[in-house]
Amino acid sequence: MSAALHLAKPDDLDRLTSLVAAFHAEQRIEQSDAARQAGLAPLLDGIPHGAAYLIGPARAPIGYVIVTFGWSVEFGGMDAFIDELYLRRAVRRRGIATEVLISLPKALGDAGVKGLHLEVDREDEAAQRLYARAGFRARERYMLMSRKL
């Protein structure tokens, strides 16, 4: 099984929406398909604030990763957040997510991104181990805080 990344395009919206719906169901994120598509479509249309990548074969993806972009004075330029990373249950524990988490930062770094961030459930030790294997580290003095607008 390959961890090849393919930049999602507008004609991938239905494939991506079904993968995102599966991830949201697992995570108990309630959102309508219309709202999901409204959040995804601009990424597929080339909005400069982020990108969606399909994982695996482009016509039959096994997962996806969504990256959003920002700016960090501390990191010295553009930074990025992994907003969502999902693999179908049937292909998990094969090293695919690790491959993605190693190849994606290389590609983003080559494009000028200075830092890559993600958030992880404090109680999800398996995910924390995965992210640590890929070089991510907890920032002991910091935690992510959010405000929904």
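Helices here are DSSP runs of H or I with at least four residues, strands are runs of E with at least two, and both are numbered from the N terminus. What you're looking at is a predicted model, so local features need pLDDT of at least 70 and side-chain atom pairs count only at pLDDT 80 or more, while totals for chains, interfaces and linings use all residues. Residues are numbered from 1 along each chain as its sequence is written, and side-chain values use heavy atoms, with hydrogens and water left out.

Let's stay with Val73 for a moment. Val73 is exposed, at a relative accessible area of 76%; that word means over 50%, buried means under 20%, and partly exposed covers what lies in between (1.4 Å probe, protein chains only). Together with Trp71 and Met78, Val73 makes a nonpolar patch on the surface, and the three share about 390 Å² of accessible area. Areas like this come from the Shrake-Rupley method with a 1.4 Å probe, and for residues only the protein chains shown count as cover. To join a patch, a residue needs over 30% relative accessible area and no salt bridge; nonpolar side chains (Val, Leu, Ile, Met, Phe, Trp, Tyr) are joined within 5 Å and like charges within 9 Å.

Asp121, Glu123, Asp124 and Glu125 come together as a negative patch on the surface. Asp and Glu count as negative, Lys and Arg as positive, and His and the chain ends are not counted. Each charge is placed at NZ of Lys, CZ of Arg, CG of Asp or CD of Glu. Glu125 sits in helix 4 (residues 125-133) and is exposed, with a relative accessible area of 53%.

Now for the opposite charges. Side chains of opposite charge can pair when their charged atoms come close. A salt bridge is counted when a side-chain nitrogen of Lys or Arg is within 4 Å of a carboxyl oxygen of Asp or Glu. How many salt bridges turn up in the whole structure? The search finds five. One of them joins Asp12 and Arg15, at 2.8 Å from N to O; Asp12 is buried at 8% relative accessibility, while Arg15 is partly exposed at 26%.

Another salt bridge pairs Glu26 with Arg89, at 3.6 Å from N to O. This pair ties together distant parts of the chain, with Glu26 in helix 1 (residues 13-27) and Arg89 in the loop between strand 4 (77-87) and helix 3 (96-110), 63 residues apart. Glu26 is partly exposed at 27%, and Arg89 is exposed at 59%.

Asp33 is partly exposed at 43%, whereas Arg36 is buried at 7%. Both are touched by Thr17, whose contacts (heavy atoms within 4.5 Å) also include Gln37 and Leu40, leaving aside residues up to four places away in sequence. Thr17 belongs to helix 1 and is buried, at 5%.

Finally, look at the backbone of two arginines. Arg28, in the loop between helix 1 and helix 2, has a positive phi of about 60 degrees although it is not a glycine.
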